[in-house]
Amino acid sequence: MFCFPRALPRIPYLQNNGQNFPLKYLLVKPILFKKCIAMAATVESLAPVCSQLPPPMREYLIHFAQVHETFRKPELESLAELFNIEYKILRYTEKAPFALIALKSPEDAKTLISRSILAKAIYELWGTGTTYDELHTSVKSRTSHLWHLYKTCSFKFGFESFNGMRTEAVKKELIEGFSYVGFDGPIRMKNPDELFVVMEDYEATSILDPVRFAALKIDDAVETPARNPTHLDEPHQVYLARFLAKSSRAAIETYDLKKRNYIGTTSMDAELSLVTANMALVSPGKLAYDPFVGTGSFAVACAHFGAITFGSDIDGRMIRGTKPGKSLRSNFEQYKIMDRYGDMFVSDLTNSPLGRVAAAGRSERIFDAIICDPPYGVREGLKVLGSRDPSRPKVPTIIDGIAQHTRKDFVPPKRPYSFDKMLNDITNFASTHLAPNGRLCIWLPTADEDFNEFSIPTHRNLKLESVCVQNFNKWSRRLLTYTRYETDREEENGIATATTDSEILPDAVAAGEPHDPTKAKLARTADALNPFRRKYFEGFKTPPSEDS
Amino acid sequence: MKLLTANFLSCAVKACKSSPLSFPLHFRDAELASKSVPYNPLLLSNLLPRLDWPALVTSSKELGFTLPDTKPELPRLSTSTGGDDGDMNMSVDGGSGVGEEDEKTLKMLHKVLMETEVVEGKMVCGSCGFEYGIHQSVGNFLLPSHLV
C-alpha cells in the first residue's frame, strides 16, 4: 500500500475543468469533509466508460476472491434478487477477480455487496484501460470534475495486482502517476476517509487471446504461448477505483470450522455454507430447513443471515452429539444466534412428520428455503426406514409380549435406498413445502470424467436457477439452486418428472431409465442403488467429506 | 421440541396424513423447560401468518398455557436487510413503531413459541395412537418397519 509522498510536485488544478477550490474550503476542513461525502453520493456523477448505459446506471468495480469461481456470479445474482436491485454485469470472467457492473446508486452498490461471501469489496470505477496511458486518459475524462470533492479528505492509495508482481518502488512510481488529481488532504495508512486502489490484472490466459495479447505489447522475440503466463511483465487491464464498501467475507473467519464447538466429518465449510444460504435467499424472519442437518453447518449459516432454522436427520446422535456440551444446539449458543434456533428432530425424508392435514387457511408451504447436502452413501450406503425384506409382513415385532418399537432403546430397521430415488424425494418434498418463490439448494456429487452420470434433477414446480461446480482432485460436486414456482405447474410432455412418493417401490430405477414398476427389479445392495458409490470405489481414493 | 415446531408436524405414518386427527400431535408426559432466548419481534411477526392458530391453542392448552381463541393481528415488521419487499418499513429496534398492545402480544408469542420447550415426553397421534418420544429436547419421528 502506498501514498503520495507529501513533497511530490503536483500539477495544480490544471486538469480540474476550471473548478478551482475557493480558499474557504481549505480553512473549514471538518465541514468540508461531510460535504465531500454527501456531494460524492448525490450531486456529481461519473462519466460512463460504457456509453450504452441508461442515465441513472453507473459503473462499479467488484473485487472478487479468486475462489469457487463458478459460484461467484450466481451468488451476486441471488443477492440482487434478494435486495431487489437493478444491475447489469458489464465485464466478468471467471479467470480474474475484477468485474465491472452497472448499478443505479452507490447505496445499491453497498447493499448488494454487504452480504456477499465471494466478493471482497465494491468500488466506484474511476477509470480503466489496457495500459497506464489509457487508464490516465480514462480517469481524467471521467472524473476530473469530481477531484475537488476529495481535495482535503484524508486518503490513501492502495495497490492490487492479480497474477503479477510489482516491486515496492514501481508501485510507488505508478501511484505517483496519479498525482494530477491534486489531493491535498493528509495521507492516512489507517482508516483514511477515502481509499483509492490501483488494480492490475495480469490474467494468465490473456496470452492466448490475440486481442488481449496485442494489448500486452510483448516483444516479438518472446511471443510464444510457451512463455510462462504467470510471469507477464505488464498487466493487460488496469483500473483505478474508489472504495465504497466491504462484503461479508469476514464471516468466514467467524464461522471457521476449526473454531466451532461441535463438528462432524461431513460438516460443510463455513465459506460454502454461507454462500449456499445466500443462494437460497435466506434473510431475517424467513424459515429455513435442512432435511439432512447433520452437525448443522447450513443451519448455522441460515441463522447467521437471520432465518429461523429447522433441521432433521435420520441419525439423532448427530443432533444431540455424543459428548456433553457438544451438540448442534451448542453451536447456536456459541454464535449467539439462539433466537433463530427453530428446532432439530430425528426423522427420515421418506416418512417425514412435516406437513399438516389440508384445511382452510392452512398451508403446507411453510419454508422459504430448503438447503441440503444429502448423504452420497459412500461410507455406509444410503439408508431409509423400512425392512430389507419387502415380503416381511407389516406387523409389529413382539418379543416376550413387548412390541419392540415401544422399547426406549429401539433402533428402527433401515434398508438401502437409491440415490436417484432420494433426489426424487427431495424435489417432491421441496415442491410440497416451499413457499411461493422459495428456494431449494442441493449439493450433489458428480464425477469429472462423466459429468452426465447424474442428470440434474428436474421437477415441474421447480425452476433451475444455477449450477455451480466445486472441483476436487478426482471428483467434483455441484450446488443446484431452484426456485419454487408460485403455483403448481402442469406436467410437461416428454419430460420425465418426479414420481409420486405415495408408494415406495423396490428401488432399482436407474438414472434416466423411465419409471416403470414392472421393470423395477429387486436390487438391495448399496452399489446397485448408487452409481456414485460404485464409481467411488472403482477409482476415487479420497473420501469426499475430508476434501471439503 | 418447541410449540412452534409442533405446529408444523403431523403423524409420520403415511396412512394418517389424510386424517384430521393426526394434526396436531398431542403432548403427553411433557417435562417443560423455559429457556431464555433473545427477543426478536421481526421473526415473530413473520412467523405468525404461517401458524395454524387452532392447533397452537390446542398444543398450548396441553402444556398449560392459555392463548386467545383467535389469531392476533399484528403489523408485518421488516428491516432494511430483510429484502422482504419492504412493503411496511417499520423499525423494530427497541420496539419503536410497535404499539403497546402489539408488543404485549409479541412478548406472549415469544414466550410460548420460542422460549418454551418440551425436554422429555411424548407426542401422540390422535389417529393411530403412535407415540413419538422426545429426548433431550429432540423429537424422534422414526417409524418401525411395519409402519413404513
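Predicted model: local features only at pLDDT ≥ 70, side-chain atom pairs only at ≥ 80, totals over all residues.
Figure 1. Chain A contains 16 helices and 18 strands. Its 548 residues include 43% that count as buried.

**Figure 2. The two assigned domains of chain A.** Domain 1 of chain A covers residues 23–245. Domain 2 is assigned in several segments, namely 261–355, 362–378, 416–489 and 498–547. Where the domains meet, 12 residues of domain 1 are in contact with 13 residues of domain 2. On the domain 1 side of this meeting, six residues are nonpolar, three are polar and three are charged.

**Figure 3. The largest nonpolar core.** This core has 149 residues. Ala288(A), Cys302(A), Ala369(A) and Ile371(A) are the residues with the most contacts inside it. Domain 1 and domain 2 of chain A both give residues to the core, so the core lies between them.

**Figure 4. Surroundings of Cys302(A).** Cys302(A) is one of the residues with the most contacts inside the largest nonpolar core. Leaving aside residues up to four places away in sequence, Cys302(A) touches Ala277(A), Val282(A), Ala288(A), Ala307(A), Thr309(A), Ala369(A) and Ile371(A). Three of these partners, Ala288(A), Ala369(A) and Ile371(A), are themselves listed with Cys302(A) for the most contacts inside the core.

**Figure 5. Helix α10 of chain A.** Helix α10 spans residues 297–304, and eight of its eight residues are buried, so the helix is largely enclosed by the rest of the structure. The buried residues are Ser297(A), Phe298(A), Ala299(A), Val300(A), Ala301(A), Cys302(A), Ala303(A) and His304(A). An α-helix has 3.6 residues a turn, so residues three or four places apart point the same way. Just after the helix, Gly306(A) takes a positive phi of about 100 degrees.

**Figure 6. The fold of chain B.** Chain B has four helices and four strands. Along the sequence, these elements follow the pattern α-β-α-α-α-β-β-β. Of the 148 residues of chain B, 42% count as buried. Among the contacts in chain B between residues at least 6 apart in sequence, 70% join residues at least 24 apart.

Methods:
Residues numbered from 1 in each chain as written. Chains lettered and ligands numbered in written order. Core = buried A, V, L, I, M, F, W, Y, C linked by C-beta atoms within 7 Å. Buried ≥ 20, exposed ≤ 12 C-beta atoms within 10 Å, placed from the backbone. Domains from an automatic or database assignment. Contact = placed C-beta atoms within 7 Å. Helix = DSSP H or I, 4+ residues; strand = E, 2+ residues; numbered from the N terminus. Nonpolar A, V, L, I, M, F, W, Y, C, P; charged D, E, K, R; others polar.
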